[in-house]
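Student: Could we go through this structure together? I would like to start with the chain as a whole.
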Amino acid sequence: MVASEIDPPGLDPKEFHDFEHTGWQRAATDYHRHFGSLTSQTIEPLLDAAGPASAGGEPRLLDIAAGPGYVSAAAARREWSVTGVDFSESMIALARRNFPQIDFQLGDAEALSFENASFEAAVMNFGILHLAQPEAALREACRVLRSGGRFAFSVWATPDQTRGFKVVLDAVAEFGDPSVTLPAGPPFFRFSDPEESRRALEAAGFVDPRIKPVPLVWRLESPAVFFEAFLKGSARTGGLLNAQPPEALAKIRASVERRIAPFASGAKLEIPMPALIASTRKP
Ligand SMILES: C[S@@+](CC[C@H](N)C(=O)[O-])C[C@H]1O[C@@H](n2cnc3c(N)ncnc32)[C@H](O)[C@@H]1O
């Protein structure tokens, strides 16, 4: 594996890939419990953006980094022919349990096992920001689409807008143990920049990239649940939290719960977590 020029110095793609894999193996059930209601909010606009221009037929869709299978299930409800792939055995087991009628396969977004031109549409919902080599995954998405096929991915907006990320990152900056380091990875918010998404999609062989903001709101029971969601249900942020010594982690937890409390609305928290959907076409 080779790092790209935008990546931080010291990035070892294999090390980062393995770190993410370990993280998702650990986090699958809690991701499903806490993040599913949030990441599912982009499904319909994502499928609209990846859908074939003309109705008719039964378009074949590849759901890349499918996780618990939400996007695949929604596409199957549109009567598309769906395959979901994910590199985490735990996620694939969960997706098969959630939606037994759908074809979920173990596979790597950076090296797909499908023939060229196998699909009319491909999507990746909040997957690209977890990849060691996103350029490779974009090239692979392009390769497996047939000419005229569409691809769409979603990412989080920057932390000044995704207030949940800001709360956790600020608390770690203030109370985290500075000696804790994780395997270096590509910038988490790289594709929150529409220009960067357009550039990367065109470099991978796509044309006419378009970026659309989508306003998501995360509704959770309490500040304690919000902290647990990141601690147990996320790979990268969860990895950073889990690597903290107990004393630092306790301070981070208290700080996170204090900072997120003002987002209470009635009996729940309501946290702005906007996303961006990038969509494009294979020429
Ligand atoms: C944030 S979750 C998104 C899950 C799902 N798409 C959703 O809509 O909620 C990221 C997913 O990417 C998967 N993933 C990360 N790196 C991958 C890779 N190289 N190949 C395939 N899947 C990968 C993880 O296992 C995890 O299921």
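Student: What share of the residues in the chain is buried?
Tutor: Buried residues make up 47% of the 283 residues in the chain. A residue is buried if 20 or more other C-beta atoms, placed from the backbone, lie within 10 Å of its own. Please note that this is a predicted model, in which local features need pLDDT of at least 70, side-chain atom pairs count only at pLDDT 80 or more, and totals for chains, interfaces and linings use all residues. Residues are numbered from 1 along each chain as its sequence is written.
Student: Which residues of helix α4 are buried?
Tutor: In α4, which spans residues 89–98, they are M91, I92, L94 and A95. They sit on the same side of α4, because they cover an arc of only 160° around the axis; the arc is that of the directions from the helix axis to the C-beta atoms. Helices (H or I, at least four residues) and strands (E, at least two) are DSSP runs, numbered from the N terminus.
Student: And what covers those buried residues of α4?
Tutor: The cover includes α1 (13–39), β2 (81–86) and β3 (103–106).
Student: Changing topic, which residues come nearest to the ligand?
Tutor: Of the 20 residues around the ligand, these are W24, T39, A65, G67 and N125. A residue is near a molecule if its C-beta atom, placed from the backbone, lies within 6 Å of it.
Student: Which elements give two or more residues to that shell?
Tutor: They are α1 and α3 (70–77). The largest share, three residues, comes from α1.
Student: Lastly, how many helices and strands does the chain have?
Tutor: The chain has 10 helices and 10 strands.

Definitions and conventions: A residue is buried if 20 or more other C-beta atoms lie within 10 Å of its own, exposed if 12 or fewer, and partly exposed in between; C-beta atoms are placed from the backbone. Two residues are in contact if their C-beta atoms, placed from the backbone, lie within 7 Å.
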